[in-house]
Amino acid sequence: MRKLEGKVALVTGSGRGIGRSVAHQLAAYGAKVVVNDLDAAPADEVVREIRAQGGEAVACVGSVTAVDFADRFVRTAIENYGAIDIIINNAGYTWDNVIQKMSDEQWYAIIDCHLTAPFRILRAAQPIISAQAKKEASEGREVFRKVVNISSVAAGGNAGQTNYSSAKAGIIGMTKTLAREWGRMKVNVNAVAFGHIETRLTQALAGGASKTVNIEGREIKVGIQQSMIDAAASVIPLGRPGTPDEAAGSVVMLCLPEANYVSGQTVVCGGGFGSL
Amino acid sequence: MTQVQYSSVNVGDEIPLLKEKPVSRFTLTLYAGASGDHNPIHIDLDFARKARMPDVFAHGMLSAAYLGRLLTNWVPQRQIRNFSMRFTGITQLGNVPTCTGKIVEKFEADGEKRVRLQIRCSNQYGEEKLAGEAIVALP
Ligand SMILES: NC(=O)c1ccc[n+]([C@@H]2O[C@H](COP(=O)([O-])OP(=O)(O)OC[C@H]3O[C@@H](n4cnc5c(N)ncnc54)[C@H](O)[C@@H]3O)[C@@H](O)[C@H]2O)c1
């Protein structure tokens, strides 16, 4: 069912992983999607895939941490589709170390990406959402819009992630605050905190192997040793990590009309593991 | 540099594009020194934030200088007769200044052959930052 027919959705970091699944699912519900990623190739591919399935999508490539990103992202939506209805702040990565070994660069890189970027994107979208809401209110219509900010069960504490856990806890605060500020504009602002989802970030590493990805010129270690994954799976009530599609489902359900009266909440999507 | 001839250029021709490195704080500091424009809005993050900007941003004249370089990469400086522009956007950190020029008119004035160029500096996303015009004499 095309429950989001004609809605315009902006999804950061949607070239891969969970964001990619979110973009696809929103498109399948009829939304027009602005696909963002740091890397052009995966972003363009997601746009092509959505179009091939009869959907509408456009890419807005670049880092969410660039000073002018938020304006460009919002402008891409307006120039192509003339509105903003759904914003998913998903782009991100981890750059771990224990506090005594964590540099300021490492701290700010993660805070900038997971906390400052969503702040700037939401700030840039506010005048547009406000104008849309005012117009609808004057016409006596109630139209709901959606923000879903991506958090993590690490917000509840995780050794080696001072930067990431602070940012992911911070985004929950931002979510609750904006739910209050934006309620009168009929915007539902919620967060989803993932547990262990199988993506590039959490891929299994064979004994002792290591793998890196390039984020804005920095080589960042990704992946988790298989033995750690097995140990972690044993504490997940559902017995295994989640898939990107399962993770995306928990984001997309908050974007559906059925969730119109849910706001300021954090959904934990962790197979029964984790609580915030 | 092989000399550009009046007879070999046509209206509609693009001159060779100039693509600079991404603008960094370092670029801005060097340019402040070179130009003598020490306005802290371009070099001091604390000052920029007080002025309600998210960060420091490029001097307008830096993009103008790149446009000048676009022209002098094409012809010797002494052939430039006129060079004017207007600022249309802020160049932010990380922007890649990309300058282009197009010949829009061929004419004769003051006893020499000249071309009028439309010139433009934009970033890697095609957003225009500076637009203008130049008149260049060609042998
Ligand atoms: N995978 C997990 O177990 C897990 C758990 C909790 C939270 N999360 C969060 O979910 C979100 C998505 O992660 P994922 O697992 O799908 O990772 P992923 O690496 O598979 O996908 C993330 C995408 O975001 C992009 N990206 C990274 N930094 C960016 C930037 N500065 N600007 C624009 N794009 C950028 C990457 O290029 C990548 O394509 C992240 O916020 C992550 O912190 C993931």
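The model is a predicted one, in which local features need pLDDT of at least 70 and side-chain atom pairs count only at pLDDT 80 or more, while totals for chains, interfaces and linings use all residues. Residues are numbered from 1 along each chain as its sequence is written, and chains are lettered from A and ligands numbered from 1 in the order in which they are written.

Select chain A to begin. Chain A holds seven helices and eleven strands (helices are DSSP runs of H or I with at least four residues, strands are runs of E with at least two, and both are numbered from the N terminus). Its C-alpha trace spans about 60 × 40 × 35 Å along the principal axes. For 276 residues, a compact globule would have a radius of gyration near 19 Å, and the 18 Å of chain A agrees with this (the radius is taken over C-alpha atoms, and the globule rule is 2.2 Å times the number of residues to the power 0.38).

Next, select residues 17-28 and 244-252 of chain A, which are helix α1 and helix α7, packed at an angle of about 55° with their axes 8 Å apart (axes are lines fitted to C-alpha atoms, for helices over the stretch in contact, and angles run from 0 to 180 degrees between N-to-C directions). The two helices, α1(A) and α7(A), are therefore oblique to each other (angles under 35 degrees count as roughly parallel, over 145 as roughly antiparallel, 65 to 115 as roughly perpendicular and the rest as oblique). Among the residues of α1(A) in this contact are A:I18, A:V22 and A:L26, and those of α7(A) include A:A248 and A:V252 (two residues are in contact if their C-beta atoms, placed from the backbone, lie within 7 Å). By class, the contact of α1(A) with α7(A) has eight nonpolar, four polar and two charged residues (Ala, Val, Leu, Ile, Met, Phe, Trp, Tyr, Cys and Pro count as nonpolar, Asp, Glu, Lys and Arg as charged, and the others, Gly among them, as polar).

Now move to residues 69-81 and 104-138 of chain A, where helix α3 and helix α4 pack at an angle of about 40° with their axes 8 Å apart. That angle makes α3(A) oblique to α4(A). The contact includes A:F73 and A:I78 of α3(A) together with A:I121 and A:I128 of α4(A), and its residues divide into eight nonpolar, no polar and three charged.

Then show the ligand, which 30 residues surround, the closest being A:G13, A:R16, A:G17, A:G92 and A:T199 (a residue is near a molecule if its C-beta atom, placed from the backbone, lies within 6 Å of it). Helix α1(A) gives the most to this shell, with three residues, and twelve nonpolar, 14 polar and four charged residues make up the shell.

Finally, select chain B, whose three helices and five strands run β-α-α-α-β-β-β-β from the N terminus on. The C-alpha trace of chain B spans about 55 × 30 × 25 Å along its principal axes. Where the chains touch, the contact takes four residues from chain A and six residues from chain B, and the side belonging to chain A has two nonpolar, no polar and two charged residues.
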